[in-house]
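Hello,

Here is the structure I promised to pass on to you.

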Amino acid sequence: MADDSKVTIQVDGQTVEARKGAMLIEATDAVGIDIPRFCYHKKLSVAANCRMCLVEVEKAPKPLPACATPVTEGMVVHTASPLARGAQKGTMEFLLINHPLDCPICDQGGECELQDVAMGYGGDISRYAEGKRVVPNPDIGPLISTDLTRCIHCTRCVRFGEEIAGLRELGATGRGEHTTIGTYIKHAVASELSGNVIDLCPVGALTSKPYRFTARPWELRQQAGVAMHDGVGSNFWLHTRGSRVLRAVPRDNESINEVWLADRDRYSYLGLNASDRLLTPQVKRDGAWHPCDWSEALRVAAQGLREAAGEEGGEQLGFLAAPNATAEELFLLQKLARGLGSAHLDHRLRQGDFSAQAAEPRHPWLGMPVADLEGVDAALVIGSHLRKEQPLLNHRLRKAALRGAQVAFLNPLEFDSNFPVAHSLVASPVALVTELAAVAAALAGASGKAAPAGLIPEGTAPGEAHAAIAAHLSEGERATVLLGALAVAHPAYGQLAALARFIADASGACLGFLAPAGNSVGAALAGVLPHRLPGGDDAAASGLDARAMLEQPRRGYLLLGVEPELDCWDPATAASALDQAACVVALSAFTSPDLLELADVLLPIAGYAETSGTAVNAAGDWQSWNGAVPPPGEARQGWKVLRVLGNEFGIEGFAQRDSREVLEELRAACADLAPDNAAPSAPTPTQPVLDGLVRVGEVPIYACDAVVRRAAALQATDDHVEACVHLAPADAEQLGLNGVAQVSVTQGDLHLTLPLSVDARVAPGSVWIPAGVPGSSRGPACGPVTIDKA
Amino acid sequence: MAENQTELLSAASCAAIDAELAKYPDDQRQSAVMAALTITQDANGGWLTRELMDAVADYLGMPAIAVYEVATFYSMYELKPVGRHKLCVCTNISCLLRGSEEVVAHLSERLGIGLGETTPDGRITLKEVECLGACANAPMLQYGDRYVEDLTPEKLDQLLEGLE
């Protein structure tokens with residue numbers, strides 16, 4: 001029976017079914033008939049400017065470009081007839097006229113579309129004896145290297161900029177032979193997805209700058225990996241030679257990262273090769289570090305923690321893990337902590353409020369698969385610089401917005417967005433709660449659903465924007481309410497989460513958590529929480545959370561991949577607690593200055609490419625990988641170190657022979673658990689009194705974790721942020737700080753002087769001082785702050 | 001990136017651009033880019049600075065690069081200062097067959113400059129352009145908004161004498 005949505009065509013004698021309206025090249029690609037192309041890309045609009053895909057279509061007078069010819073019923077196509085081949089070879093000859101054919105010195109050589117196609121369609125020798133054109137290379141930043149003489153003007157990079165990155169920065173200027181691709185004014189390409197143009201470029205005109213001239217493609221081995229720097233869990237290939245990771249390229253996974261990779265995931269491997277890798281175990285004696293062998297280091301670590309615990313047992317021990325550790329490491333860490341009798345373990349290092357943690361879901365998640373985010377009709381994003389925090393989730397939401405979805409943001413400052421935002425509510429952290437309450441009140445009024453008592457402050461009067469957001473969420477067939485990193489860092493996070501939950505319930509929207517790191521969800525499932533066991537069951541008694549175990553100092557700590565000065569919500573308190581402790585054991589890939597200062601034993605562990613492991617992304621996808629390269633020096637995979645540490649303490653259950661066995665234990669514990677954002681108990685958040693100026697400690701995109709902070713090329717981009725103070729013009733005026741270059745910043749007992757920038761994007765009452773950045777204020781990421789003239 | 005630079009455009013330029021904008025739907029402001037660049041160029045002594053192109057981009061709500069693309073594509077936009085008079089000589093196929101080489105040689109000799117150059121006194125710029133669509137009366141050149149056709153050395157001399 002004929003399907004109306006399909007047409008049947010003949011290609012090279014083969015009957016092919018294709019979607020009505022599809023371009024010919026889509027139909028042939030689907031059945032594996034190869035047509036050469038340069039400008040066509042399945043994720044970009046059709047440009048039809050390279051002319052390489054010319055094919056013969058019967059009844060058409062001339063060869064037609066397969067990428068721009070829609071299929072029609074009964075169409076008869078010849079992709080390799082003399083006419084088609086002649087057209088393709090002719091095009092190829094023209095494309096090669098100005099191409100330098102410098103393949104031996106080109107990074108693309110060996111993986112070049114032009115080279116591949118020229119093998120099949122190019123002539124043996126060139127008939128072109130005239131001069132070739134030479135194009136100067138603009139500097140477009142530290143990530144992408146340009147060799148524009150090689151460019152064949154396919155404009156994939158230009159279309160990527162406009163259609164995917166949402167920034168029109170690259171362009172084709174000039175005309176004919178004088179056309180060049182460039183930003184014209186040579187500023188860095190400011191997209192957090194910019195590196196993708198390297199993969200898109202079919203020639204060697206745009207290549208990776210950090211990788212430049214380091215290897216030939218055929219020397220590389222590739223190993224699948226998963227990016228750990230945000231909740232997406234993008235899939236990539238790590239390309240290695242010997243024991244070194246030389247680059248990362250996207251691994252297609254339509255349901256997660258499609259064909260893209262954020263720059264942070266692409267270039268973070270540079271941090272693995274940083275000069276301050278921790279290469280040998282070290283112990284501190286009398287204030288000086290001494291390298292030692294593993295057995296001694298483990299013995300000293302175990303003994304130190306045992307002595308610190310003393311007669312109170314685990315009660316005096318605290319365990320902090322970075323949420324980008326592997327699930328295996330996290331699971332063994334919790335086993336170790338609980339085996340030692342401690343309930344003080346946590347991975348929520350940047351969370352500001354734990355008062356409603358009992359209401360946190362057992363298996364928190366995005367609320368939907370990653371790919372579904374592009375299908376929403378309405379969204380409310382609370383406290384997130386989404387574009388920089390979760391670049392590829394932002395990309396999905398951007399697609400939704402371009403389709404007409406009503407996306408609203410509620411943030412303490414107005415972040416740049418690369419898509420149309422329906423409503424942008426900007427309010428200081430103090431007012432953030434009342435703004436969200438106003439949306440909740442609008443919904444309570446409209447839906448007739450009563451909010452839990454005390455959730456919405458009395459006298460909350462929704463404005464026009466609040467009512468509009470509420471209406472969009474209710475009317476949207478698929479709507480979502482998302483909580484981001486700035487909400488999590490808020491001292492009233494419990495209340496924000498409770499309001500978000502009510503808004504989602506009352507509007508029929510789906511509540512989602514933007515997992516801040518690659519394994520935030522995995523850490524919750526592995527039970528690296530003071531109140532939950534692996535698999536989400538409630539712990540018998542809740543221990544101290546990440547904040548409390550530092551505010552109520554323990555005598556011993558074990559840190560997994562944590563740089564306390566940069567990864568904790570309140571670095572000064574963290575440093576003081578660790579400083580007072582009798583024993584601090586740090587499992588770390590790096591010799592961080594703060595660990596050298598605060599730790600007593602340093603155990604070198606593998607970075608993300610050097611260990612087998614598993615991560616659970618924001619959408620609850622479990623993804624495992626094998627180590628691509630061995631850990632450097634004496635470093636060992638983290639799960640092995642924890643296992644041996646478990647043996648050192650004589651705790652049961654540390655006999656796993658490989659990481660898969662650890663994973664199986666964790667999977668067994670989570671067998672009955674599906675992603676679900678339902679609250680296990682009614683939230684009872686405390687409502688902290690906040691007043692006056694409040695710091696907004698946003699973590700800049702390239703400050704999120706230890707390895708990213710060491711990726712030099714990322715730090716050289718415009719997204720690198722130095723410690724500074726951004727103040728709303730009204731506040732600057734009121735404090736008499738207009739024209740002042742330096743201000744004194746006070747958080748509690750902490751004082752420092754930082755440069756001031758008066759910034760209209762900042763809401764009055766917000767003071768934007770980045771967190772995770774060396775030299776920034778060491779106080780709470782979100783909390784009262786005083787700004788004075790320096 | 002670029003600050004809002006529309007204040008670089010004079011009130012008269014803005015009024016002229018607005019008149020062009022009126023020809024297009026409100027959501028198609030970029031349609032007026034060529035006219036806007038011409039107006040802006042004329043108001044600036046015949047050439048465009050990057051700042052002026054940015055100003056046009058801001059005024060029309062376009063990405064700056066898209067304006068650069070237009071300004072670099074068409075030969076009538078100048079990105080460097082030019083003389084008070086610009087002589088655009090067609091050297092494309094029809095004019096070539098009808099003697100454009102002699103036209104260029106004569107002008108070069110009279111003015112002492114080559115193609116793409118300006119006389120030291122800033123009076124005249126000589127420019128080579130592609131086909132301007134007047135092949136029937138080749139060889140030809142464009143001066144201002146006027147075509148001068150069926151060129152001969154006498155006609156060229158006459159033209160040059162008439163230029164301030």
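First, some housekeeping. This is a predicted model, in which local features need pLDDT of at least 70 and side-chain atom pairs count only at pLDDT 80 or more, while totals for chains, interfaces and linings use all residues. Residues are numbered from 1 along each chain as its sequence is written, chains are lettered from A and ligands numbered from 1 in the order in which they are written, and side-chain values use heavy atoms, with hydrogens and water left out.

Let me start with chain B. Domain 1 covers 3–73 and domain 2 covers 85–162 (the bounds come from an automatic or database domain assignment). Taken over C-alpha atoms, the centres of these two domains of chain B are 29 Å apart.

Now to where chain B meets chain A. In this contact (heavy atoms within 4.5 Å), 13 residues come from chain B and 14 residues from chain A. Together the two chains bury about 1100 Å², with 65% of it on carbon and sulfur atoms; buried area here is the accessible area (1.4 Å probe) that two parts lose on being put together, summed over both. B:Ile65, B:Glu69 and B:Phe73 provide 46% of the area that chain B buries against chain A, more than any other three residues. On the side of chain B that touches chain A, helix H3 (50–60) and helix H4 (64–73) of chain B are the elements that give two or more residues (helices, H or I with at least four residues, and strands, E with at least two, are DSSP runs numbered from the N terminus). H4(B) gives the largest share, six residues.

What about salt bridges across the interface of chain B and chain A? The rule finds zero (a side-chain nitrogen of Lys or Arg within 4 Å of a carboxyl oxygen of Asp or Glu).

Finally, the sheets in chain A. One is an open sheet of five strands in the order S2-S1-S5-S3-S4, with mixed pairing (two strands pair if DSSP finds at least two bridges between them). Strand S2 (14–19) and strand S4 (64–65) of chain A are at its edges with a single partner strand each, so one side of each has no neighbour in the sheet. S1(A), residues 6–11, runs antiparallel to S2(A), joined by six bridges, and A:Ile9 sits opposite A:Val16.

Another open sheet of chain A has seven strands, ordered S14-S13-S24-S23-S22-S15-S16, again with mixed pairing. Within chain A, S15 (317–321) and S22 (556–560) are parallel over five bridges, and A:Leu320 has A:Leu559 as its bridge partner.

Best wishes
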